[in-house]
Amino acid sequence: MYMPILEINLRKLEENARTEKALLASSGIEVMAVNKVFDGCVETAQAVFDGGIKVIAESRTYNLKKIREIGCTTCLLRSPCLSEIEDVIRYADISLNSEPIILQALSQEAQRQGKTHQVLLMVDMGDLREGIWFTEYSHILSTIRLIQELPCLELYGLGTNFNCYGTVLPTVKNGEDFLALAARVEQDSGVAVRRLSAGNCTSYHLLDKGIWPKGLNHLRIGGLHEFGIEYVEMKYLNEFHHSAKPVEKACSDMYVLEAEIIELNSKPTIPVGELGVDAFLQTKTFVDHGTRKRALLAFGRQDVPSDNCVPCDDNITILGQTSDHTLVDIEACEQPLKVGDVIRFELDYTGLLMACQTKGVATRFIR
């Protein structure tokens with residue numbers, strides 16, 4: 001049965017994870033690997049684990065259930081739902097939290113299951129997603145004390161997040177503010193905060209520039225070992241495996257989508273007739289380049305959006321996409337192509353996310 005194929009290079013992923021762990025460890029930083037883009041893929045979690053990162057995070061409990069088999073410590077990256085507390089305790093060793101009612105439920109369920117659950121208490125330093133707002137100090141302090149008081153809960157550390165919803169960049173200032181907040185919490189509560197989890201892969205640019213605030217000792221990272229890109233200044237990091245394409249494409253040859261040609265012909269480059277909207281209710285503008293050779297591929301937007309695909313062959317251009325078809329211009333392609341051949345695309349983060357989520361794409365692992 002035909003499906004487009006997502007090819008994942010596990011060797012490069014493992015080597016990138018090993019490089020990442022060593023680089024961060026040299027600055028006294030512990031890393032938690034984020035596997036969520038792969039939708040709980042056991043093979044990718046195993047590659048990162050084999051690369052030396054022993055704590056692996058997912059955003060969904062059903063994916064934590066899958067990856068537990070490799071023997072890693074697991075973390076639920078998205079704050080728990082009140083309706084999933086039993087599964088959180090069963091499958092997650094650590095979870096990100098900010099709500100007292102959730103903490104109380106976790107404590108009760110951990111007692112029932114005879115487990116100790118670790119809590120990364122989230123503080124919002126400005127990005128406006130999860131966490132107790134940083135100026136609400138009394139709330140932060142009372143929640144720390146609650147974690148200490150509740151049976152079967154332990155404080156894993158304090159965490160914050162940057163460059164997600166609010167696009168707020170990690171800076172020296174907000175890093176030092178986070179450090180100062182943690183020091184105040186330790187003094188007022190008497191609780192040692194072992195980990196200050198200072199964000200995701202975008203925080204790496206502070207390390208890269210040599211201005212990392214000393215004392216921040218933990219990161220939750222996926223994109224760095226997955227793509228080898230420093231995302232703030234948008235540059236490749238040559239210590240890592242990465243694409244040879246322009247960095248602005250933000251793709252990787254570690255993740256290649258293969259799709260089969262189902263029609264091959266030459267057609268005009270502008271439609272004939274009165275124009276309306278496409279299948280997604282969008283209007284389009286066409287430029288007349290004359291008659292050109294093109295291929296129709298057996299994958300569409302419901303599989304992987306073409307905006308997130310970069311042809312491996314630079315002489316191939318994506319023309320557009322509908323639900324089930326992708327059109328590419330192959331006029332300049334030097335390789336002779338025929339119906340039944342495949343065309344390959346490097347994927348960016350969103351393309352990889354969609355390819356791993358959909359039921360319509362098969363996966364092939366290489367080393």
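**Notes on the predicted model**

1. Strand β14 and strand β17, the latter covering residues 326–329, run antiparallel and are joined by four bridges. Within that pairing, Leu 296 has Leu 327 of β17 as its bridge partner.

2. β14, which spans residues 291–297, also pairs with strand β13 (residues 251–268), again in the antiparallel sense and over seven bridges. Here Leu 296 of β14 is the bridge partner of Glu 263, so that a reader who selects Leu 296 can follow the bridges to Glu 263 and to Leu 327, given that two strands count as paired if at least two bridges are found between them.

3. For the chain as a whole, there are 10 helices and 19 strands, and the C-alpha atoms fill a box of roughly 75 × 45 × 45 Å along the principal axes. Of the 367 residues, 52% are buried. Among contacts with a separation of 6 or more, 64% are between residues 24 or more positions apart.

4. An unreviewed UniProt entry places the feature "domain: Alanine racemase N-terminal" at residues 8–222. In the model, that stretch of the chain is 41% helix and 20% strand, and its end C-alpha atoms lie 15 Å apart.

5. Helix α2, made up of residues 42–50, has Val 42, Thr 44, Ala 45, Ala 47, Val 48 and Phe 49 as buried residues. The elements against which the buried residues of α2 pack include the helices α1 (10–25), α3 (61–67) and α9 (223–227), and also the strands β1 (5–9), β2 (30–34) and β3 (55–58). After α2 comes Gly 52, which has a positive phi, near 110°.

6. Apart from neighbours within four places in sequence, the residues in contact with Lys 12 are His 241, Asp 253 and Met 254. The C-alpha atom of Lys 12 is separated by 22 Å from that of Thr 73, which is 61 residues away along the chain.

7. Glu 176 belongs to helix α7 and is classed as partly exposed because its relative accessible area is 44%, a value that falls between the 20% limit for buried and the 50% limit for exposed.

8. How many cavities of 30 Å³ or more does a search of the whole structure find? The search finds one, and the largest cavity holds about 50 Å³ of space.

9. Which helix contributes the largest share of the lining of the largest cavity? That share, three residues, comes from helix α7, which covers residues 172–189. By residue type, the lining of the largest cavity divides into six nonpolar and five polar residues, with no charged residue among them.

Notes. Residues are numbered from 1 along each chain as its sequence is written. This is a predicted model: local features need pLDDT of at least 70, side-chain atom pairs count only at pLDDT 80 or more; totals for chains, interfaces and linings use all residues. Side-chain values use heavy atoms; hydrogens and water are left out. UniProt positions are given in the numbering used here, feature names are shortened, and annotations may be inferred rather than shown by experiment. Helices (H or I, at least four residues) and strands (E, at least two) are DSSP runs, numbered from the N terminus. On a 1 Å grid over the protein atoms alone, a cavity is a set of points where a 1.4 Å probe fits but cannot get out, and a pocket is an open set with protein on both sides within 12 Å along at least five of seven lines; lining residues have an atom within 4 Å of a point. Grid points are joined across faces, edges and corners, and a volume is the space filled by probe spheres set on the points. Ala, Val, Leu, Ile, Met, Phe, Trp, Tyr, Cys and Pro count as nonpolar, Asp, Glu, Lys and Arg as charged, and the others, Gly among them, as polar. Buried means under 20% relative accessible area, exposed over 50%, partly exposed in between (1.4 Å probe, protein chains only). Contact means heavy atoms within 4.5 Å.
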